[in-house]
Structures are given as structure tokens and as C-alpha cells.
Amino acid sequence: MSFQLFLPLFVFTAGTLLSFFWMVVILGHRRQRTFERVLFFLCLSLFLFYSGSLLFLNGQIHYGESPQILQRFSWAMICAGLLFVPSLLIHLHLEYARIRGILRDQKAEKLWLAVSYLPLAYFLPLLLVMIRTGREYDFATPINAIGVAFKIWFATSFLVGLFWQRRFAREAADGEERSFHKQLVWQLAIAASWYS
């Protein structure tokens, strides 16, 4: 097996198992708050992305050329997972800000939430059309196949997360927590530049 095939196989398997593990951990938590629920759905979205990618890759290894129905199902899983990540990422940061007492205004929180989920009204019908048409799917770079508008929305969600992580770092109680949030700032900045 070549390295070009082994590396994605390893990454997709690890991503699938890790996101599934966190889903199980969150479900085992006795008193779930909104933060844990949003984190669960973010993990579910990542699970759909990684498992759909893994399913396609395994189909390619087994069949040589994956059957059309397998491609369509894998593509639906990948895109459904990717589609909800930006909105859930923003929602997760808002919930953490609310828990920490940084976001106290309920009107502002509702506005942030509405703005974070509003793009789904545009992207969901687009996804359904892409799945129904059955054209050639771009499994190597699925974000590019969804379109430039989605890439912009994806990068914007990372920038919003970066904004909140900087606020969390400023409000951190100790140095260890501040260091953690600063590392997330850099990681979100790299992710935003990667997708822009």
C-alpha cells in the first residue's frame, strides 16, 4: 500500500474514531448543558465528514472504482458533515462565552446565533441539488466543490472563533488557561488562512 493511500486512510480512521469517542463521552455525561449538546452535534458533523471520506476511500480500495450509489451516499455524508461545522463552531464559542459570563446580552446572543445559522438556508438546497445531479464528486477537496461562498463562510467561522478565543485568553483566570486559548487563536488563524 502506497503512502499516498495509507496517510488519508489513517487520518480518516483516526478522525472517525476520535469524533465517535467524544460523542460517546458527551452522551455519558449525566447533566448535559447546551454547551455539551452543541459540542455533541459538532462531533457528529465531524464524524459524518470523516466516516463518509473513509467509506469512499474503502470503496475505492475494494472496488477500484466505487459504485455510483456508494459515491452518492459518501458525498452526502461528507457534505452534510461539512455544512454544519461553521455554524456549530460559532454556536459552541457563543455557549462558552455565555458560560464564562463574557456574553451577557441575550439579544446579542440571539443575533449571533441567527447570523451563524442563516447561511444554512442557502447551502442546504445547494447540497440537495449537488447530491441529486449525480455529477462527478470531488472527494479530494469537497469544500471547493461546494463553492467559493462556502469557503468564505468556513473561513469566516474560524475568524469568529479566533475573535472569541482572544476574548477568552484576555479573561482567563490563570496562565495555563490563557496559554491554551492563545494556542487556539493561532490554530484558528492558520485554519482561516488555509481556507481563504
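Is serine 116 buried or exposed? I looked this up before anything else. Serine 116 is buried, at a relative accessible area of 1%. I note here that the model is predicted.

**Entry: serine 116 and its helix**

I placed serine 116 in helix α4. I then listed its contacts, leaving aside neighbours within four places in sequence. Serine 116 is in contact with Ser87, Ile90 and Trp153. Trp153 also turned up when I looked at how α4 meets α7.

**Entry: α4 against α7**

Two packed helices are described by the angle between their axes and the distance between the axes. I looked up both values for this pair. Helix α4 covers residues 106–117 and helix α7 covers residues 148–171. They pack at an angle of about 155°. Their axes lie 11 Å apart. An angle over 145 degrees counts as roughly antiparallel. Therefore α4 and α7 are roughly antiparallel to each other.

Which residues in α4 meet α7? I found Trp112, Val115 and Ser116 on the α4 side. Trp153, Val160, Phe163 and Trp164 are their counterparts in α7. I sorted the residues of this contact by class. Six are nonpolar, one is polar and none is charged.

**Entry: glutamate 109**

I stayed on α4 for one further residue. Glutamate 109 is found in this helix. I checked its accessibility: the relative accessible area is 11%. The cut-off for buried is under 20%, so glutamate 109 is buried. What does glutamate 109 touch, not counting residues up to four places away in sequence? I wrote down Leu94, Glu95, Arg98 and Leu103.

**Entry: histidine 91**

Next I went to helix α3, where histidine 91 has its place. Histidine 91 counts as buried, at 12% relative accessibility. I again left aside neighbours within four places in sequence. Histidine 91 is then in contact with Thr34, Val38, Leu113 and Tyr117.

**Entry: the largest pocket**

Rolling a probe the size of a water molecule over the atoms shows where empty space is left. I looked up the largest pocket and noted a volume of about 1300 Å³. How many residues line the largest pocket? I counted 41. Those closest to its centre are Leu42, Leu46, Tyr50, Leu89 and Phe158.

I then asked which elements give two or more residues to the lining. They are α1 (3–28), α2 (34–63), α3 (68–100), α6 (142–146), α7 and α8 (175–195). By class, the lining holds 30 nonpolar residues, 10 polar residues and one charged residue.

Glutamine 4 is found in helix α1. Its relative accessible area is 71%. Exposed means over 50%, so glutamine 4 is exposed. How far apart in space are glutamine 4 and aspartate 138? I read 17 Å, C-alpha to C-alpha, for a pair 134 residues apart in sequence.

Glutamine 60 has its place in helix α2. With a relative accessible area of 34%, glutamine 60 is partly exposed.

Notes. Residues numbered from 1 in each chain as written. Predicted model: local features only at pLDDT ≥ 70, side-chain atom pairs only at ≥ 80, totals over all residues. Heavy atoms only, no water. Axes fitted to C-alpha atoms, helices over the stretch in contact; angles between N-to-C directions. Helix = DSSP H or I, 4+ residues; strand = E, 2+ residues; numbered from the N terminus. Parallel < 35°, antiparallel > 145°, perpendicular 65-115°, else oblique. Contact = heavy atoms within 4.5 Å. Nonpolar A, V, L, I, M, F, W, Y, C, P; charged D, E, K, R; others polar. Buried < 20%, exposed > 50% of the residue type's maximum accessible area, 1.4 Å probe, protein only. 1 Å grid on protein atoms, 1.4 Å probe; cavity = no way out; pocket = protein on both sides within 12 Å on 5 of 7 lines; lining within 4 Å. Points joined across faces, edges and corners; volume = space filled by probe spheres on them.
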